[in-house]
Amino acid sequence: MSNFNWFLDGSIILIYIIGTLLAGIMVRKMIRGVDDYLLAGRKVDIYLGIASLAATEFGIVTCMANAELGYKYGFAGTTPGVTLFIAMFIIGKTGFCIKPLRDRGVITIPEFFESKFGKNVRWASGVVIVLGGLLNMGVFLRMGGDFLTNVFGLPPGYLEVMMTIILLIVAIYTILGGMLSVLVTDYMQFVVMSAGLLFATILIFFKFDWSSLVAHLSDHYGRAAFNPFEGNAYGIDRIILDIFVAVASILTWQTMITRVLAAKDTRTGQKIYQATSPFFLVRFIVPAFLGIGAFYYFSQTGQLPEKEILALPSFLTIVLPTGILGILIAGMLAADMSTNSSYMLAWSSVIYNDIMEPIHKRKWSEKKAIFTNRVLVASIGLFLLVYGLWYPLKGDLWVYLQVTATIYLSSMTTILIAACYWDRANNWGAIGAIIVGCFIPISFLIMQEIDSTKDLANTIGPYKSAVAAYVLTGIAMVVGTLLKESLHPIKTN
């Protein structure tokens, strides 16, 4: 039985949605050119950057995925958060790769590659980034729709309606205001999201005795609930993948690196990473705790959810009172809108800046360029709606996100490091890295869908295949570079 009240909770949500739309639309008049639309004129300071980055990377999908990890693995499920926290702090502190990237003043990572590897590598990098990004984001609307239909107490048939409503709200202000709208609404969403999650966490903490939660985890999962290295519940191959994904995403995930590229200077971009790093740990701890609470509650009642991924929304609608539930849902909607808008803008920026560069060659008028980007954002939204309805999620949501992200994270990270710190690196190595990094995860996803190869895919597993992509991509970069050197040695006087 859901505690959602359509008058009180619904009013809180409606007021927030209207406020967000108005704020996002009002800034559209401040857009003067493509830099304003895609990077907010590179004027983001540290405080806005922190709020925007934190809000962007915490949506309904993230919360449900991390709660599922807590539900299935206990506190060991926070391992990805630990690796992300450490990676983001160190990279922000040292400026590893992100300093030369921001110093160059590029809009996207592929643009950075052109000066060293040529236009073909830039174009291919753009294609891979968009492919991996769109497949990764493809489940966002479905998960958001699942969450809302559960908390509203609606039948499953309303899933498509919820997905469409979420998309329309986000698309309106993102299409009109670009990055400026995203940043303004991100700030609002960060405040609302933080308040909602804080209220929910405090209530659940006092509603269920801490010692009972810990004892319940210990009884069911043993020491593996507190130590990911214990036994095979979480697994060493998964820990290795968490480390690879953490470093790679901090360096090259377009929605993250955009905050560095949009910062007013390089030092500000580094500070944004350092200051936001603790939040990347919190964004796993809080949902994992909620997932642990859901596991405890449903185990006690004997009414286990049909799908573990839906444990969180089902749990929240039962244990949270009216009013608090409305604030939390508004916060979750805030987070989801922030994530969707930033991601849609990120992929459109790569399509325009890198894939379409041979067409416009930076010679289009600002008006035509902005219009093209708005059309791209709308097209991406339509694709996400269709893909979200078509693709049935299999296995852990977080695993799907890691595997699809690896399609481009593995190659882009390898190429970025080589571009920054290996003088001998060349375009053969870069192309080899792109092919290998793209081929392995896509092959695994396809094998999962074909009956004749499904068993083999399950035997290999998503963790080993993704780890192999990172390792072999690095090898491909070295082999390709050395092969070109041997076949086409550089002549010196």
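The model is predicted, so a local feature needs pLDDT of at least 70 and a side-chain atom pair counts only at pLDDT 80 or more, while totals for chains, interfaces and linings use all residues. Residues are numbered from 1 along each chain as its sequence is written, and side-chain values use heavy atoms, with hydrogens and water left out.

By buried I mean under 20% relative accessible area; exposed is over 50%, and partly exposed is in between, with a 1.4 Å probe and protein chains only. Among the buried ones are Leu 312, Phe 315 and Val 319.

Now the salt bridges: a side-chain nitrogen of Lys or Arg within 4 Å of a carboxyl oxygen of Asp or Glu. The structure has 10 of them. One joins Glu 114 to Lys 119 at 2.8 Å, N to O. Glu 114 is partly exposed at 22%, and Lys 119 is partly exposed at 48%. Both belong to a salt-bridge network that also includes Arg 122, Asp 354 and Glu 357.

Next, please find Asp 451 and Lys 454, whose side chains form a salt bridge at 3.4 Å, N to O. They sit 3 residues apart in helix α21 (residues 451-460), so about one helical turn separates them. Asp 451 is exposed at 63%, whereas Lys 454 is partly exposed at 30%.

Note on methods: Helices (H or I, at least four residues) and strands (E, at least two) are DSSP runs, numbered from the N terminus.
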